[in-house]
Amino acid sequence: MTQDAPIRTVVVDDERLAREELCYLLGTVGGVDVVGQAGNGLEALSLIREHEPDLVILDIQMPGLTGFEVARRLLDDGSQAHLVFVTAF
């Protein structure tokens with residue numbers, strides 16, 4: 001990522017409205033490019049491996065794989081993405 005390049009971001013949340021709100025807010029900031037959205041941990045891993053984002057906004061509580069389990073797998077894979085955890089709880 002160069003200084004002028006947008007921050008390539010994947011947003012992961014099992015609640016569709018939460019994902020949409022996060023994407024909307026990121027769009028108002030500028031300099032952020034949402035390259036993918038996922039509704040569960042398995043989708044997230046696939047998108048992250050495909051797009052190699054700079055940033056992953058990751059819900060903690062999701063069915064299947066939790067955000068922490070996704071993070072562990074990303075670390076084991078050697079992902080360089082920065083992780084931001086979010087939760088409604």
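Biologist: Before we look at strands, what must DSSP find for two strands to pair?
Modeller: Two strands pair if DSSP finds at least two bridges between them. This is a predicted model, and in it strand β1, residues 7-12, pairs with strand β3, residues 55-59, in the parallel sense over four bridges.

Biologist: Okay, and which residue in β3 does Val-11 stand opposite?
Modeller: Val-11 stands opposite Ile-57.

Biologist: What order do the strands of the sheet come in?
Modeller: The open sheet is formed by four strands in the order β2-β1-β3-β4, with parallel pairing. The edge strands, each pairing on one side only, are β2 (32-38) and β4 (82-86), and from one strand to the next the twist averages 20 degrees.

Biologist: Which strands does helix α1 touch?
Modeller: Helix α1, residues 16-29, packs on the sheet and touches β1, β2, β3 and β4, while its direction makes about 170 degrees with that of β2. Helix α2, residues 41-51, lies across β1, β2 and β3 and runs at about 140 degrees to β2.

Biologist: Changing topic to Thr-9: is it buried or exposed?
Modeller: Thr-9, which is found in strand β1, counts as buried because its relative accessibility is 0%, and buried means under 20%.

Biologist: And what does the side chain of Thr-9 reach?
Modeller: It reaches the backbone oxygen of Ile-7, at 3.1 Å.

Biologist: Which residues is Thr-9 in contact with, leaving aside its neighbours within four places in sequence?
Modeller: With those neighbours left aside, the contacts of Thr-9 include Leu-26, Val-32, Val-34, Pro-53, Leu-55 and Ile-57. Ile-57 is also the residue in β3 that stands opposite Val-11.

Methods
Residues are numbered from 1 along each chain as its sequence is written. This is a predicted model: local features need pLDDT of at least 70, side-chain atom pairs count only at pLDDT 80 or more; totals for chains, interfaces and linings use all residues. Side-chain values use heavy atoms; hydrogens and water are left out. Helices (H or I, at least four residues) and strands (E, at least two) are DSSP runs, numbered from the N terminus. Axes are lines fitted to C-alpha atoms, for helices over the stretch in contact, and angles run from 0 to 180 degrees between N-to-C directions. Contact means heavy atoms within 4.5 Å. Buried means under 20% relative accessible area, exposed over 50%, partly exposed in between (1.4 Å probe, protein chains only). A polar contact is a pair of N or O atoms within 3.5 Å; within protein, one must be able to donate a hydrogen and the other to accept it, and residues adjacent in sequence count only if both atoms are side-chain atoms.
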